[in-house]
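Biologist: I have not looked at this one before. Can you put it up and take me through it?

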Amino acid sequence: MKKNLKKHCSFCITLLSAFFTAGFAAASAEEMYSARAIPAIWWIAPVASILALLAAFLFYRMMMKESEGTPKMKEIAAAVREGAMAYLRQQYKIVGIFFLVVFLIFILMSFGINVQSKWVPFAFLTGGFFSGLSGFLGMKTATNAGGRTANGAKNSLNQGLKIAFRSGAVMGLVVVGLGLLDISLWFLILYKLTDMNLHEITVTMLCFGMGASAQALFARVGGGIFTKAADVGADLVGKIEAGIPEDDPRNPATIADNVGDNVGDVAGMGADLYESYCGSILATAALGVAAYANMGFASRLNSIMIPMLIAGLGTIFSIIGIFAVRTRESATMKQLLLALLTGTALSSVMILITTGIMAWFGFMGMTWGIFGAIASGLLAGIIIGQSTEYFTAFNYAPTKGIAEQSLTGPATVIIDGFAVGMMSTWIPVITIAVSMMAAFILAGGSKMPELGLYGIGIAAVGMLSTLGITLATDAYGPIADNAGGNAEMAGLGEDVRKRTDALDSLGNTTAATGKGFAIGSAALTALALLAAYLEEVRTGMIRIGQTTITVADNVIDVSKATLNEFMMYFDITLMNPKVLIGMFIGGMMAFVFCALTIKAVGRAAFSMVQEVRRQFREHKGILEGTEKPDYKSCVAISTIGAQKEMIFPSLLAILTPVAAGLVLGVPGVMGLLAGGLTTGFVLAIMLNNTGGAWDNAKKYIETGQLGGKGSAAHKASVVGDTVGDPFKDTAGPSLNILIKLMSMISVVVAGLIVKFSPVIQSWLRI
């Protein structure tokens, strides 16, 4: 392994050296300004995106060459694949209608009332298209990989791990590949083919993030409702009422449950982190132009390119880290976790070394402060991941404590699980707070707040720079889960099931860790978007002809006003009731949104329970093993339920920022975003970790502890797991989207708010 790593590192250093040399020989600032030249080093970003897509294709081909196993295993895998694709087709029809309507609205806003750039409608479409494409490709891979992972586990634990992890890597690499490619192409188009200045380019590019955000919302909410309706229905009737094992082929909801793992935890998570990834890069680029506004063209151009460059380097190092993940047959859970951590740690160390070298030479304006911001983001991601692992993995005290509570029944399981989830919030919150402050100060925020905010954006980019491998560890989870289901339904031997159970338990922990990472990155990205919103407000004011603002009797040019001067002009303080009202609405949105998604799961699960009970009641041969269940009816129930139930929560998340902005103006929007960010962040951590701990407490008992499968303790833990399902796989993850989507929508409609909110407020006399 050491020889391979040395070889990979040597190749990487050689490649980067060539780019660095070319970059140093780039044109002068004046030449770049006149000819719109681009430093050679920037091409690392698009080249890395293409390498990521090529690596994803390679991993996909490697997986497809593996055997899918017996005819029974192939039949099960085909049923899951068919159900997943049927769901996606139905979802994309609804999303397509939504995108068409919003596109037409943006056309009106751009070409009719001139409150935003004329490029925004088209950028919006590409953001949504690439986000949807990444989810589709990731899920296509995952549904092909489940059966092959189960078959690989027949040979060895390491083979099962390699197939599942590298299949998950397809999702990670497709997300970063398509995201970075989209950003790079838009930058090239706007920089080389238009006469827009750097500020106009960045705020226009920022708007395409709304397409990714909207696609992510539908994927996350719809997928979350689908998967948990199936999971809850399968558990309540199958495991608790009928007393049959998880993934038993006699359970009609089993195929729907396995389909749900893919549409929720692969397509949904991929769209979620695609949005964070693109949003962090774009928001940071917009903040960079503002921060370096008075430091010359070259500095402003570098500030745009640095986040893209960091993302490109992280993508290359993620590919190297993926190849480093392997384990041995007798590996324990701790060793399996260490195998995954080795890959992610290697990628993180390499990005730190490379950016450290750039800071040492002052390359492209890289400073030690920016390097410190990158390090703070990476470190925050690692700490949040490890914190989530501690509170959710069953080899640690919190989850073992929940399992022990099952000896006294489901009530105490739920009580202790809630307590563990609430307690688990303190480490991520303190970590994000320290990371934000460190990035702010190190980047120069104590002297110039704009530089500090740019540093926070860089911290978000740093955290997400190795997303290629981080998302691979998360997408691995549902693949391993499907492998376990396939092994159970196909009746494979106990030794195979033991290996798939080990991979599945690891997947539960990596999924929980991935959710913690996702919400942590969402918090940093949303804060960067909060600052970027004021930049879009600046552009909106210029577009409607307002060229000056008056602050403390001083008339200031809008194009030169600082963020602090904008804050003073709009009276964005806690003494302004509009700000406080916005904060209350933002905090409320987190809870109302969760309530809507959890109740949606409850309604869809009710229909699922009724259907499974009906089949058991009317077809006695199902439980006797002489009659085959109707799997398709359960898949149809989850599909219809998810499509219907996701519409209202999605519309609420989209319309609230617009309504708040029109009524309360810019101060109300800032309050809304701040309230939604703080409340949503803490609530999401609590929901994710509570559900993950309940799930792994059940898994701990299933290893033979406290009575093992079928015991009273096990049944009590199943109740806790069932309650936690919509927490960790629907409501909690959806909050990531909510806080970013509200920010992104506010950015896109900033021009509309600037133009019309004063009129509406005068009507309402507020």
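Modeller: What follows is a short tour of this predicted model, starting with confidence.

Biologist: What is the mean pLDDT of the protein?

Modeller: The mean is 82, and 92% of the residues reach 70 or more.

Biologist: Where is confidence lowest, and where is it highest?

Modeller: The lowest is helix α2, residues 29-35, with a mean of 45. The highest is helix α14, residues 410-423, at 94.

Biologist: How should I read coordinates where pLDDT is low?

Modeller: Where pLDDT is low, the predicted coordinates should not be read in detail.

Biologist: Fine. Switching to helices, how many residues does α9 have?

Modeller: Helix α9 has 38 residues, 254-291. From first C-alpha to last it reaches 54 Å, close to the 56 Å expected at 1.5 Å a residue.

Biologist: Where is the kink in α9 centred?

Modeller: On Gly268, and the kink is about 25°.

Biologist: Is α9 covered or exposed?

Modeller: Mostly covered, as 38 of its 38 residues are buried.

Biologist: And α16, what should its residues span?

Modeller: Helix α16 covers residues 449-464, so its 16 residues should span 22 Å at 1.5 Å a residue. The end C-alpha atoms of α16 are 23 Å apart, which agrees. In α16, 15 of the 16 residues are buried.

Biologist: Which residues line the second largest cavity?

Modeller: Among them are Ile76, Val80, Thr143, Asn258, Asn482 and Met489. The lining also includes Gly146, Gly147 and Gly485.

Biologist: Which helices supply at least two residues of that lining?

Modeller: α4 (71-112), α5 (120-153) and α17 (467-489) each do. α17 gives the most, with four residues.

Biologist: I want to look at a single residue now. Where is Asp182 found?

Modeller: In helix α6, residues 157-193.

Biologist: Is Asp182 buried or exposed, and why?

Modeller: Asp182 counts as buried because its relative accessible area is 2%, and buried means under 20%.

Biologist: What does Asp182 touch?

Modeller: Leaving out residues up to four places away in sequence, Asp182 touches Thr126, Gly127, Phe130, Phe208 and Tyr274.

Biologist: How far apart are Asp182 and Ile38?

Modeller: They are 144 residues apart in sequence and 17 Å apart in space, C-alpha to C-alpha.

Biologist: Last topic, backbone angles. What is the phi of Ala552?

Modeller: Ala552 has a positive phi of about 50°, although it is not a glycine. Ala552 is in the loop between β1 (548-551) and β2 (554-557). With a relative accessible area of 60%, Ala552 is exposed.

Biologist: And what is the phi of Asp571?

Modeller: Asp571 also is not a glycine, and its phi is positive, about 55°. The place of Asp571 is in the loop between α19 (563-569) and α20 (577-618).

Biologist: What is the relative accessible area of Asp571?

Modeller: For Asp571 it is 36%, so this residue is partly exposed.

Key: Residues are numbered from 1 along each chain as its sequence is written. This is a predicted model: local features need pLDDT of at least 70, side-chain atom pairs count only at pLDDT 80 or more; totals for chains, interfaces and linings use all residues. Side-chain values use heavy atoms; hydrogens and water are left out. The expected span of a helix is 1.5 Å times one less than its number of residues. The bend at a residue is the angle between axes fitted to the seven residues ending there and the seven starting there. Buried means under 20% relative accessible area, exposed over 50%, partly exposed in between (1.4 Å probe, protein chains only). pLDDT is the predictor's confidence in each residue, from 0 to 100. On a 1 Å grid over the protein atoms alone, a cavity is a set of points where a 1.4 Å probe fits but cannot get out, and a pocket is an open set with protein on both sides within 12 Å along at least five of seven lines; lining residues have an atom within 4 Å of a point. Contact means heavy atoms within 4.5 Å.
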